[in-house]
Amino acid sequence: MDIQAEKIELAKLILSTNDSGLIDQIKSLFKSQEELWLDELPAHVQKGIAESIEQANRGEFITYDEVKKEVAALLNK
């Protein structure tokens, strides 16, 4: 079975369960993998990511659509 088919089967299993404990375990697994990946980055990159997350949480960001509009406006000058 290829990876896409395996992902689809996994998604079906997740969607069919009502076991909140199992869902929590799956989320924890993904979170731990994410943290492992993050831990492998240099400290200055980790700091930059943390700062970016804090900014986003404070609403200090613009959407992709806003960026596209601004770039289009600059290119049409």
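**Exercise 1.** Is E51 buried, partly exposed or exposed? Work that out, then look at its partner.

*Solution.* Keep in mind that this is a predicted model.
- Start with the accessibility: E51 has a relative accessible area of 39%. Buried would need under 20% and exposed over 50%, so E51 is partly exposed.
- Now the partner: the side chains of E51 and K47 meet in a salt bridge, 4.0 Å from N to O.
- K47 itself has 55% relative accessibility and counts as exposed.
- Finally, the spacing: the two sit 4 residues apart in helix α3, so about one helical turn separates E51 and K47.

**Exercise 2.** Which residue forms a salt bridge with K68, and how exposed are the two ends?

*Solution.* 
- The partner is D65, with the closest N and O atoms 3.7 Å apart.
- K68 is partly exposed at 42%, and D65 is partly exposed too, at 45%.
- Both belong to helix α4, 3 residues apart, so they lie about one helical turn from each other.

**Exercise 3.** What is the N to O distance in the salt bridge between K12 and E9?

*Solution.* 
- The distance is 3.5 Å.
- K12 and E9 are 3 residues apart in helix α1 (residues 3–16), about one helical turn.
- E9 is partly exposed, at 37% relative accessibility.

Note on methods:
Residues numbered from 1 in each chain as written. Predicted model: local features only at pLDDT ≥ 70, side-chain atom pairs only at ≥ 80, totals over all residues. Heavy atoms only, no water. Buried < 20%, exposed > 50% of the residue type's maximum accessible area, 1.4 Å probe, protein only.
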